[in-house]
Amino acid sequence: MGSSSPVEQVTGLLLLACACVSVLTTVGIVAVLLTESADFFAVVPLRRILLDTQWTPLFADQHFGIWPLVGGTLLTTACAMVVAIPLGVASAVYLAEFASPPVRRALKSLLELLASVPTVAFGYFALMMVTPTLQQLLPGVSSFNALGAGLMMGVMILPIIASLSEDAVFAVPSSLREGSYALGAGRVATIFRVVLPSAASGIAAAIILGISRAVGETMIVAIAAGQQPQLTADPRQAVETMTAYMAKVSMGDTPAGTLEYRTIFAVGLCLFTMTLALNLVAHHLRRRVLKGTMG
Amino acid sequence: MTSMMSIPIPTTQARNESSPVEEKMQVAGLKAFFGANAALKGITLPLLRNRVTAIIGPSGCGKSTLVRCLNRLHELTPGASVQGRVLLDGEDIYAPGVNPVMVRRRVGMVFQRPNPFPTMSIRENVLAGPRLQGVVPDEPEALVERALRQAALWEEVKDRLDLSGVSLSGGQQQRLCIARALALRPEVLLMDEPCSALDPVATARIEELIHELRPHYTIVIVTHNMQQAARVADYTAFFLMGELIEYSATDTLFMKPTDRRTEDYITGRFG
Amino acid sequence: MTMSVSRSAVMARAATLRPTRPSFAWTGEDSLRVACATALMLPLLLLAVFFGAALLDAWPRLNLTFLTSMPSRVAEDAGILPALAGTAWLLVLTALLAIPLGVGAAVYLEEYARPGRMTRLIEVNISNLAGVPSIIYGLLALEVFVRAAGMGRSVLAGACTLALLLLPVVITATREALRTVPTTLREAALGLGAERWQVMWRVVLPMSLPGIITGVVLSLSRAVGETAPLIMVGALGYVAFVPTSVQSAFTALPIQIFNWISRPQAAFHSNAAAAMVVLLLLMLALNALAMLVRRRVQRAAAH
């Protein structure tokens, strides 16, 4: 038999090209970030970036310390995790251990709905509803603050953590649960001493993916967290995250090719590295779960 | 305790019975359901104190379901239900208001596939029973050693009690699960095909262990291996399609079965 | 353990089976159940309350004029027509780009690719890209589409960006749809002498089409809400015209919402709320469409 027809061969190549788009995308992202950042680092040495605690690239007196931006990101992420981790894991326990199948299906659909709410909506809620409430409850909450944005980010991330954790808890073999009940353990002891420890890797992966999502989130923090890059641990203050800075400068009139323009990419490189590291760790943990923790 | 069953305890005593043996547990008119399906259709059966009772029968006959009703594990399956009575020392474990957890502290279970807790060490696995119940044992190390010795595992693992429970071979894992069950000092030990996932050498070890445990516990063993039943059990019950067909001393059941279906099963005509 | 047990000891043991004060485990279990259920319902209820409040704020603005007016410096007169038009343009263009690329890549991976380093590389890339923050896609698009390819701040650049963003999701959904087609059908077609591309085109794709469409529509409904990459690509906040070609400058619904919520005047906040309601209705409509397609699939499969 002869080789395949020209149509077949061309089709095969076209399809391969489609598949390679994803590889090209990754290559493109890395290339873009590295080239612009390289130009940036040529002018601003790493020393200035790591050792300064002020970030004022757009002012006359330019400081390039990355820490206020990283700190802003971490502070909002921490606020988000305070909400998302306990509520997310507890939701997963309810879905996997207590809910009957029809209830479980309905609640999972609701969670999916929650996950598809656009982030501008969360930003709106953070600014218009959460922050005023916080201002009523706590003293010293400024009108843009990390806490309000962080709390709404936590609600946004909760479905991710809940869904992935629920998979992990559900995957714990029933033989372990039965072994525990046969030893005379109650439901609570079985959940806390047998099921959750066995699902720990999967839950950890879920949490890390949630953190990665929070770190990369833009709109909620751009709307509600503020535009003041300051290094603080006080969530009632306004901060600026890496993503909010990048958005802000893009919306302005910074011409391409300038140092200020390149700061977007340098900050982007920092962001990309952080999320990449988090995703790799989570991926590694999930592969360990799939291989089975049963030795 | 007078017995109230319709099938009498066999008067031909098995294996040197010198005096009448008491019932430790008694199944009376037990029916078990999965949803609307009856897996057990009215079982009445004695389980004699300090004896080994084997439950045999083809796949799907309800052996595992019976045993899981004895420690109230059956009802944990969604949609499962139970009717009838199971008496432990004369008291119905299914009486309203009885706490299943209390039952399971007195009736221990070993499963078909060894299931040591993978996140716990050998020591922690043995102590899992008390710990899961929120009880702190007075002398944990002594308890661990006693349970592992009873399960004939102590010599093999005494130097590596901190290793993970799943680092052992299949036979050792099963003996660890037995030790774990024994650590709670149950009165009855249920074994659901404990050797079916093990190789012949490990199986022999466990059968030896059953002999050693017999004077101290009431043992119920489910097995699909008739030779195993002949080797370890004092009394044997033959089940078929959710019904108890015949119950008697093991020797009697195998050599002079009274029911045609028992004879067919034993001679290998089905199952 | 001794064999003989005194009667009193038996009675004492038996007493443990009788109901006593409920042990701690029971009330503990109920407490845990309630706590976990609360954890689940709390954010859902909170969001429902917030939506209600936003709807109240938006109500006076929601009328036909709002949908058909241009933005304005006067909040009460401002409308979302350019934003709606921009979103519509983006939807169509993104679909035109993402569907062939995504389906093509999925077909390649499922049907043509042999297990090997190349295939693994592609698959690793796809799963990696799913976790990259959307704003990074905006950076890529800024350099490659807006500047290098000369598209400028156009709706085409925006669509290209969104297409890249959606690609991992479309590929994954399509692969799952392709997998539902039994191998025996493929083999039957090949056995009749068809070439692989013919099997794909005439047998596999038609059968998996509903699943593919569902996946695409769901991912498009996600795209409708994306903001950050469009900001980077230059979607403007104040656009007083409807895009007329792929090279037009543009805005989109979420951009307009962001623009209005960033203003200090409360009147604009009401506009933002109204635009949000429209956006959510649009997303709900797309989701409903996906559900409809899925149900038609199930009914067709039942025949």
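Start by selecting A:Ser201, which is buried, with a relative accessible area of 11%. Because the cut-off for buried is under 20% relative accessible area, this serine counts as buried at 11%. Bear in mind as you go that you are looking at a predicted model.

**Stop 1: around A:Ser201**

Colour helix H9 of chain A, residues 200-215, and you will find A:Ser201 within that helix. Now show what A:Ser201 touches beyond its neighbours within four places in sequence: the contacts are A:Leu285, A:Arg288 and A:Val289.

**Stop 2: helix H8 of chain A**

Next, select residues 187-198 of chain A, which form helix H8. This helix has 12 residues, and from its first C-alpha to its last it reaches 15 Å, close to the 16 Å expected at 1.5 Å a residue. Show the side chains here and look for the buried ones: A:Ala189, A:Thr190, A:Ile191, A:Val194, A:Val195, A:Leu196 and A:Ser198.

**Stop 3: chain A as a whole**

How many helices and strands does chain A have? The tally is 12 helices and zero strands, so by the DSSP-run definition of helices and strands the pattern along the sequence is α-α-α-α-α-α-α-α-α-α-α-α. The C-alpha atoms of this chain fill a box of roughly 80 × 70 × 35 Å along the principal axes. Of its 295 residues, 56% count as buried. If you draw the contacts between residues of chain A that are at least 6 apart in sequence, 71% of them join residues at least 24 apart.

**Stop 4: the nonpolar cores**

Bring the other chains back and select A:Phe122, A:Tyr124, A:Phe125, A:Met152 and C:Ile136. Within the largest nonpolar core, which has 190 residues, these five touch the most other members. Helix H3 of chain A, residues 67-98, gives this core its largest share, 15 residues. Another core, of 46 residues, lies apart from it; B:Val52, B:Ala202, B:Leu209 and B:Ile221 are among its members.

Now centre the view on C:Ile136. Which residues is C:Ile136 in contact with, leaving aside its neighbours within four places in sequence? They are A:Ile29, A:Leu33, A:Gly268, A:Leu271 and A:Phe272.

**Stop 5: the second largest pocket**

Select A:Glu97, A:Tyr181, A:Arg187, B:Leu76 and B:Pro78, which lie nearest the centre of the second largest pocket among its 26 lining residues. About 910 Å³ of space lies in this pocket. Helices that each supply at least two lining residues include H4 (101-115) of chain A, H2 (100-106) of chain B and H2 (24-58) of chain C. The largest share, four residues, comes from H7 of chain A. Colouring the lining by class gives 13 nonpolar, four polar and nine charged residues.

**Stop 6: the largest cavity**

Finish in chain C. To see its lining, select residues including C:Thr87, C:Leu91, C:Leu162, C:Val224, C:Glu226 and C:Pro254. Helices H4 (81-112) and H9 (196-224) of chain C each supply at least two residues of that lining, and H4 of chain C gives the largest share, four residues. By class, the lining of this cavity has nine nonpolar, two polar and one charged residues.

Definitions and conventions: Residues numbered from 1 in each chain as written. Chains lettered and ligands numbered in written order. Heavy atoms only, no water. 1 Å grid on protein atoms, 1.4 Å probe; cavity = no way out; pocket = protein on both sides within 12 Å on 5 of 7 lines; lining within 4 Å. Nonpolar A, V, L, I, M, F, W, Y, C, P; charged D, E, K, R; others polar. Expected span 1.5 Å × (residues − 1). Buried < 20%, exposed > 50% of the residue type's maximum accessible area, 1.4 Å probe, protein only. Core = buried A, V, L, I, M, F, W, Y, C linked by side-chain atoms within 4.5 Å. Contact = heavy atoms within 4.5 Å. Points joined across faces, edges and corners; volume = space filled by probe spheres on them.
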